[in-house]
Amino acid sequence: MLQGLWSRLRERHGAELLRHEFHSARATLVVKRGDLFSENDASLVAGFGDTFDTATENDLVISRDSVQGQLLHRVFGGDRALLDRQLRRGLRTVEPTGRESVRDQPRGKRLRYLVGTVVPVSLAEQPGRRVFAVAYSRQGLDLVARSTPEELRFSLGRFWESVARHGLLRPVAIPLVGAGLARVTALEGHEVIGMIAETFLHACRDRPVTPELRIVVRPEDLRRIQLPEVARLVEGLDTGGRGRGR
């Protein structure tokens with residue numbers, strides 16, 4: 001039955017699954033299926049570990065198929081030195097929380113930063129567009145990223161602060177954070193969407209953040225999402241908004 005619902009939604013409305021106008025925040029939430037890196041008019045969100053690793057060789061440190069792996073190869077053309085320079089520039093004023101030894105961590109970066117650290121990265125060829133690198137997981141000594149719902153919520157709050165400051169009121173496209181290799185297994189897909197929407201709306205109470213937030217879900221992740229639950233959660237966040245599921 002659920003698969004039939006998704007098929008009908010795709011036939012009738014294409015990529016867009018849900019749209020909700022948050023009138024109190026003067027912002028629109030869109031949930032859509034597709035490819036994050038095809039949102040060419042929006043600033044993007046990429047989740048990182050607390051070491052901001054970028055190496056994808058042989059998938060030993062970072063998987064090439066992860067969002068940060070795709071960021072490196074699809075946005076920075078595989079130029080890891082360029083991406084690392086951008087990240088270092090953004091972290092210059094951020095105090096590390098620790099440094100691992102070569103013995104304990106022979107591969108990957110060794111400086112650690114607070115979970116919730118956000119680095120806005122400018123794209124030279126697209127003025128005004130940003131990639132927000134958000135550390136919402138901890139990179140273990142075994143090179144496995146792990147996070148919790150509490151860490152994800154805290155990181156989203158810090159992320160919205162950065163978007164409000166550096167995002168130039170452009171649309172923002174965010175993936176289903178925590179659904180992949182960060183292993184936030186305590187949350188279902190619709191709960192992640194609810195958390196993204198809730199923290200976004202909370203941030204909008206203080207100042208404008210973005211006129212349009214797009215949550216982009218990979219087709220293979222659709223089975224993790226219950227669209228009626230997404231609509232219910234979003235509707236409950238803003239009683240003044242008129243949502244319309246698609």
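A salt bridge is a side-chain nitrogen of Lys or Arg within 4 Å of a carboxyl oxygen of Asp or Glu. The model is predicted: local features need pLDDT of at least 70, side-chain atom pairs count only at pLDDT 80 or more, and totals for chains, interfaces and linings use all residues. Residues are numbered from 1 along each chain as its sequence is written, and side-chain values use heavy atoms, with hydrogens and water left out.

The structure holds 19 salt bridges. One of them joins the side chains of Glu212 and Arg19, at 3.9 Å from N to O. This pair links distant parts of the chain, with Glu212 in strand β10 and Arg19 in strand β1, 193 residues apart; helices (H or I, at least four residues) and strands (E, at least two) are DSSP runs, numbered from the N terminus. Both Glu212 and Arg19 are buried, where buried means under 20% relative accessible area, exposed over 50%, and partly exposed in between (1.4 Å probe, protein chains only).

Asp50 forms a salt bridge with Arg112, their closest N and O atoms being 2.9 Å apart. Asp50 sits in the loop between β3 (43–49) and α2 (67–75), and Arg112 in strand β5 (residues 111–112), 62 residues away. Both Asp50 and Arg112 are buried.

A further salt bridge brings together the side chains of Asp84 and Lys109, at 2.8 Å from N to O. Asp84 lies in helix α3 and Lys109 in the loop between β4 (98–99) and β5, so the pair ties together parts 25 residues apart in sequence. Asp84 counts as buried because its relative accessibility is 10%, whereas Lys109, at 25%, counts as partly exposed.
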